[in-house]
Each structure stands twice: as C-alpha cells, then as structure tokens.
Amino acid sequence: MTDATEVINVLSVDVEGFIEANLQSFHIDRKYVDGAKENYEIETNINLLLELLSDLEIEATFFFLGRIARDMPHIVKEVAQAGHEIGCHSYEHLRLFDMDKAAFKERLIAAKYGLEDVSGKRVYGFRAPDFSVTQASIWTLDILRESGILYDSSIYPIALHDVYGISEAKPFIHELPNGLIEFPLSTVEILGKRFPFGGGGYFRLYPLFVTKRCISKINRFGQSCMLYIHPYEVGPIIPTIPELSWYRKFRHYHNCKRGDGRLRQILPAFKFAPAIEVLKQKDLLEDN
Ligand SMILES: [Zn+2]
C-alpha cells in the first residue's frame, strides 16, 4: 500500500452552460435556450470557482468547449492566467457517437486551435461531451492522437449508465495501443462491481464522507483520482426549468446550490495538480 497522502489527484472542470449541456439529455423548450444568458451563467459561476480554487491553492484542469474560446475568450484567458490547465471539451456540446469522423476532426481541430490561441497555452487533453467515448465511438481515440492530443479523459469504466461507459475499460491511468494516454473518470469497486463517484451527480448525491472514503481508497492503491465538476454545480447560477419531472429535478439540481461548500469540505483533505502535471510526474508524457 502507498502513503495515500502523497498521491496527487486531478480536479477537472467541464466548462459549459446548463442548458447546452442537457439539450441531448431531455426535452428543453426553446424559450429556455438563450446564448447571452448562458454565457452570463458560465462567467458568474467560473468567477466563484476561481475564487474557491485560489483560496484552496488548487490548480485544476478546465476542459472548455471550443465555442467558449470564440464567444468568451477573456474567460479562457483568465483561467489560464490563474495557472490552470486548458483542455478541450469538443467545439459544441454534442455527443460523439452521433457524429461522423470528418465532422469530429473538424470540430476538434477548431476547438484546440481556438483555445490555444486565446489562452497562449498548448492543449494536451480532451474530454468528450457526456463522456461519449464508448465502444460505438472508439474510433475517436485515433483522431485525437493524430490531431496532437496527448491524453484523453473521456472513458467512464462502468456498465450501469444509460448514455456512457465501457464496462471492460481499465479503471486507472494507462497507455492505449495507439500511444494516447487514457485518464479515466474515477470509479470504486465494491463486491466486484464498479461504481462512479468522482463528479457531477455522483459527487452531489453521495454523502460527503462516502466521496472522501472513495478518494482515499483509490489513493491507498497509489492511483490518482480524476474528479469532475461543472460551473453550474458550484453556483451561484443554475437555470430552473419548472416543467422537469421530479426525477430530473433531483438528478440535475440536488445540492447544486451547495456545491461550493461541499468542495471546500472535500478538497483540502487531498493533493491536486493539473492532469498534465500528474502524467508528467508518472513519466507518461515527455516534458515538451
Ligand atoms: Zn460537458
């Protein structure tokens, strides 16, 4: 067993608005689709998140949609200047398994170059919208590699979700046959079954002590956790859609208003660095 307190984890942020993130998940009436409001929501929430990370002295990895580099370049610049890693979350929030190869590559390159241009930093990592690298879209990993991406963090090694997951995927950092590094979303094994715990709804719905125990358990094995959050889960702004079913409301809104406080209770107990630093430290990537 490793000294768990020495293991460095990654806090990642998928930067998108609440409405654009969920357009493929459930029906949202057009009256709620408003680009200007969405950008205001992102900017307000990111500012609170940057304050929180600065207070806790944590550098994170921000996976930005390419369209944010186009629409709000100052936000990407601000995040980069605060010392955080800039990663790519595709161009718009569209699931990859519905896309053809040419369309995916075109969006990836546009997003990567756009983010590099406005941040002044190289983009090494990729996170697919809705973790949509599955068996049906496994071809995306070769396009990532040939487009200059060094690591992917899109695979959820679980079987139990309705949209994403590859049940037989390895649960920890590993090199793929094409040379790309995979840094999967964190899961914990209980009675032979893998359960997700490290972000989004799981992070909001599990009691704090459960999340802390899961991180400690993975760290005791000498493995780094990949955690993730969205700006609207930290607050203060999340758009409300009164028509949603009680199930959707619970799944998408529960504990969103308290995300800030929950992070302040969990994060100080562990070590964090941007994903690229963790991979370099493990000698998985050249320092270039
Ligand atoms: Zn996303």
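**Note on the predicted model**

1. N22 is a buried residue, with 21 other C-beta atoms within 10 Å. The cut-off for buried is 20 or more, so N22 qualifies. This is a predicted model. N22 sits in helix 1, which covers residues 18-22. N22 and D130 are 108 residues apart in sequence, yet their C-alpha atoms are 9.2 Å apart in space.

2. Next, the pair formed by helix 4 and helix 5. Helix 4 spans residues 73-81 and helix 5 spans residues 101-119. Their axes lie 8 Å apart and the packing angle is about 65°. That angle makes helix 4 roughly perpendicular to helix 5. The crossing of the two helices is right-handed.

3. Which residues of helix 4 and helix 5 meet? From helix 4 come P73, V76, K77 and A80. From helix 5 come L115, V118 and S119. By class, this contact has 5 nonpolar residues, 1 polar and 1 charged.

4. Leaving out residues up to four places away in sequence, V76 touches F64, I68, A69, I86, L115, V118 and S119.

5. Is L50 buried, exposed or in between? L50 has 19 C-beta neighbours inside 10 Å and counts as partly exposed. L50 lies in helix 2, residues 35-56. Not counting residues up to four places away in sequence, L50 touches V79 and A82. H84 is a further point of reference. The C-alpha atoms of L50 and H84 are separated by 9.5 Å, while the two residues are 34 apart along the chain.

6. Helix 8 (residues 208-220) and helix 11 (residues 259-266) form another pair. Their axes come within 10 Å and cross at roughly 45°. That makes helix 8 oblique to helix 11. The crossing is right-handed. Helix 8 contributes L208, T211 and K212 to the contact, and helix 11 contributes R262, Q265 and I266. By class, the contact of helix 8 with helix 11 has 2 nonpolar, 2 polar and 2 charged residues.

7. Most residues other than glycine have a negative phi. S90 is not a glycine, but has a positive phi of about 70°. S90 is found in the loop between strand 3 (85-88) and helix 5. S90 counts as buried because there are 28 C-beta neighbours inside 10 Å.

8. D283 is the second case. Phi of D283 is near 60°, again a positive value in a residue other than glycine. D283 is found in the segment after helix 12, which covers 275-281. Where S90 is buried, D283 is exposed, with 8 other C-beta atoms within 10 Å.

Notes: Residues numbered from 1 in each chain as written. Predicted model: local features only at pLDDT ≥ 70, side-chain atom pairs only at ≥ 80, totals over all residues. Axes fitted to C-alpha atoms, helices over the stretch in contact; angles between N-to-C directions. Helix = DSSP H or I, 4+ residues; strand = E, 2+ residues; numbered from the N terminus. Parallel < 35°, antiparallel > 145°, perpendicular 65-115°, else oblique. Left-handed = near helix turned anticlockwise from the far one by under 90°. Contact = placed C-beta atoms within 7 Å. Nonpolar A, V, L, I, M, F, W, Y, C, P; charged D, E, K, R; others polar. Buried ≥ 20, exposed ≤ 12 C-beta atoms within 10 Å, placed from the backbone.
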